[in-house]
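Student: Before we look at particular residues, could you take me through how the labels for this structure are assigned, setting each value against its definition?

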Amino acid sequence: MNIVVDLNRCQGYAQCAFLAPRVFTMHGEEALMYAPAVPEDQQEHVLRAAAACPVQAILVGEEAGADAG
């Protein structure tokens with residue numbers, strides 16, 4: 001699974017970092033870093049993080065430009 005975060009949309013709420021800390025990390029108060037290729041054991045966490053994002057900045061799978069299957 002691949003992801004892309006729209007960093008222009010991201011407001012640094014850090015819900016993703018709480019729900020999937022092995023994929024998303026906050027540096028400082030607003031700088032988000034993430035791994036675009038999600039390890040298989042983290043996929044469920046990332047899906048929850050994407051759903052919890054208040055500004056829907058996390059694009060997953062096909063939305064992120066990855067092949068669907």
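Tutor: Grid points are joined across faces, edges and corners, and a volume is the space filled by probe spheres set on the points. The model is predicted, with local features needing pLDDT of at least 70 and side-chain atom pairs counting only at pLDDT 80 or more, while totals for chains, interfaces and linings use all residues. Residues are numbered from 1 along each chain as its sequence is written, and side-chain values use heavy atoms, with hydrogens and water left out.

Student: What volume does the largest cavity have, and which residues lie nearest its centre?

Tutor: Its volume is about 110 Å³, and a search of the whole structure finds one cavity of 30 Å³ or more. The largest cavity is lined by 15 residues, of which Cys10, Tyr13, Ala14, Cys16 and Cys53 lie nearest its centre.

Student: Why is Cys16 called buried, and why is Gln42?

Tutor: Buried means under 20% relative accessible area, exposed over 50%, and partly exposed in between, with a 1.4 Å probe and protein chains only. Cys16 has a relative accessible area of 9%, so it is buried, and Gln42, at 6% relative accessibility, therefore counts as buried. Not counting residues up to four places away in sequence, Gln42 touches Arg22 and Val23, where contact means heavy atoms within 4.5 Å.

Student: Is Asn8 buried or exposed?

Tutor: Asn8 has a relative accessible area of 75%, so it is exposed.

Student: How do you know that the buried residues of α2 line one face of the helix?

Tutor: Helices (H or I, at least four residues) and strands (E, at least two) are DSSP runs, numbered from the N terminus. The buried residues of α2 are Val46, Ala49 and Ala50. Seen down the axis of α2, they fall within an arc of 100 degrees, so they line one face of the helix; the arc is that of the directions from the helix axis to the C-beta atoms. What covers these residues includes β1 (3–5), α1 (15–19), β2 (24–27) and β4 (58–60).

Terms used: 1 Å grid on protein atoms, 1.4 Å probe; cavity = no way out; pocket = protein on both sides within 12 Å on 5 of 7 lines; lining within 4 Å.
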